[in-house]
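Welcome, and take a moment to look over the sequence and the model.

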Amino acid sequence: MQIFINPDRSEWDSITKRPVMNTQDLVGKVQPILAAVKQRGDDALKDYSRQFDGVELDEIIVSANEIDAAESLLHAELKSAIRQAAKNICSFHEEQLSPQKRIETMPGVFCWRKSVGIEKVGIYIPGGTAPLFSTVLMLAIPAKIAGCKEIILCTPPQKDGSVHPAILFAAKITGVNKITKVGGAQAIAALCYGTTSVSKVFKIFGPGNQYVTAAKQLVQQEGVAIDMPAGPSEVCVLADETSKPGFVAADLLSQAEHGADSQVLLVATSLSIVQNIQAELELQLAKLPRKELASKSLKNSRVVVFNDISNAIELVNLYAAEHLIISMENASAISDHITSAGSIFLGNFSPESVGDYASGTNHTLPTNGYAAMYSGVSVDSFVKKITVQELTREGLHNISKTVIHMAEAEGLQAHANAVRVRMVNA
């Protein structure tokens, strides 16, 4: 990890820069996949499963028998953990449903908004180096709460052609309508265009590798919505002398192990804190099964030391981390000054991994600096907000002159007439 001590502001942009992907090269590889699925449907999906996953598929849709059998393949402890996480996620997200409020903006003029679940949504669940069954909970639960009628899950098959049983179990308890053995950019194409096995949806959710991300951004140009732009997972930790070096090291490694393109940023108030954390990093890294991936990630990562906490906060806001851990004295007060982060974790006993799995908050969050302008997934992500208004005769009379004067000033006489004709015939 490269260390910067009280860097000049001219260096901040380069310090907060993420690893660069060759997006043009990605587009050139993904576009033919999208075109093939659009033209050949299920046949193309089976071809890509053979090519990319090494699997010969007879059926793309996971059968009810496969879903039921998955439960018996899991340990009772894991099933209990998944159910507990689902309960917590439900509790947090159910509170996001806001009651419909009817506002009388002036006498007789009533306006309100209603929330309607997006009818068909697709959720993509990675299943490569780590089958992310937790993401099923994070996406399917708010979709159900929002009132989405159809939830289509796409995930790549394992080498034997099956889907990881924990993914199937999580999908079953959250009410997913259909599960398909499709991964990669071809899954995004199927959700966009529709095939015999995969229903076309209106919005696509979920993380994925760089090919999945590129595919999501491309299909967005064809009228399908996506949750947010996404990149590799990342964490930023703010640490002072009250932080626990072993805790901070564990938090940094928990993100670094996602993949070689993941990034961690440590912002500390003294070099001695950094040295203690680095010592812990070496000890813990040596024991990790995924230490090679984590080591590569740490090479892309940086440490910044600031004597002035206000500079530290400003840099953290510029970085706009997916996950921000504040391991500092007065962590809550410091969080009041954070304006850009996907999710914040306060104090020494709030590891980021708790939010990843079971505290209740959503772990589908903006990465790559997009936390400066995007929120993480919530129930709102799965609904459309429709405004409604109703005017009484008195209400139209009260507002008529305002609308007529404004419409005529814009040269839109028909707009004015739509009000005037009602006033004459009321």
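Predicted model: local features only at pLDDT ≥ 70, side-chain atom pairs only at ≥ 80, totals over all residues.

Residues are numbered from 1 along each chain as its sequence is written, and side-chain values use heavy atoms, with hydrogens and water left out.

Helix α2 covers residues 23–40 and helix α8 residues 184–193; helices here are DSSP runs (H or I, at least four residues), numbered from the N terminus. Their axes come within 9 Å and cross at roughly 45°, where axes are lines fitted to C-alpha atoms over the stretch in contact and angles run from 0 to 180 degrees between N-to-C directions. That makes α2 oblique to α8, because angles under 35 degrees count as roughly parallel, over 145 as roughly antiparallel, 65 to 115 as roughly perpendicular and the rest as oblique.

Which residues meet here? From α2 come Val30, Ile33, Leu34, Val37 and Lys38, and from α8 come Ala185, Gln186, Ala189, Ala190 and Tyr193; contact means heavy atoms within 4.5 Å.

Helix α8 also packs against helix α9 (residues 210–220), at an angle of about 25° and with the axes 7 Å apart. The two are therefore roughly parallel, and their crossing is right-handed. On the α8 side the contact is made by Gly184, Ala185, Ile188 and Cys192, and on the α9 side by Tyr211, Val212, Ala215, Lys216 and Val219.

A disulfide is a covalent bond between the sulfur atoms of two cysteines, counted here when the pair lies within 2.5 Å. How many does the whole structure hold? The search finds zero. The sulfur of Cys148 is too far for a bond, because the closest cysteine sulfur, in Cys90, is 14 Å away. For Cys192, the nearest cysteine sulfur is that of Cys154, 12 Å away. Cys192 is buried, at 3% relative accessible area (buried means under 20%, exposed over 50%, partly exposed in between, with a 1.4 Å probe and protein chains only). Cys148 is buried too, at 4%.

Finally, find Pro19 in the loop between α1 (12–15) and α2. Pro19 is partly exposed, at 34% relative accessibility. Pro19 and Asn368 are 349 residues apart in sequence, but 9.1 Å apart in space, C-alpha to C-alpha.

Conventions. Left-handed = near helix turned anticlockwise from the far one by under 90°.
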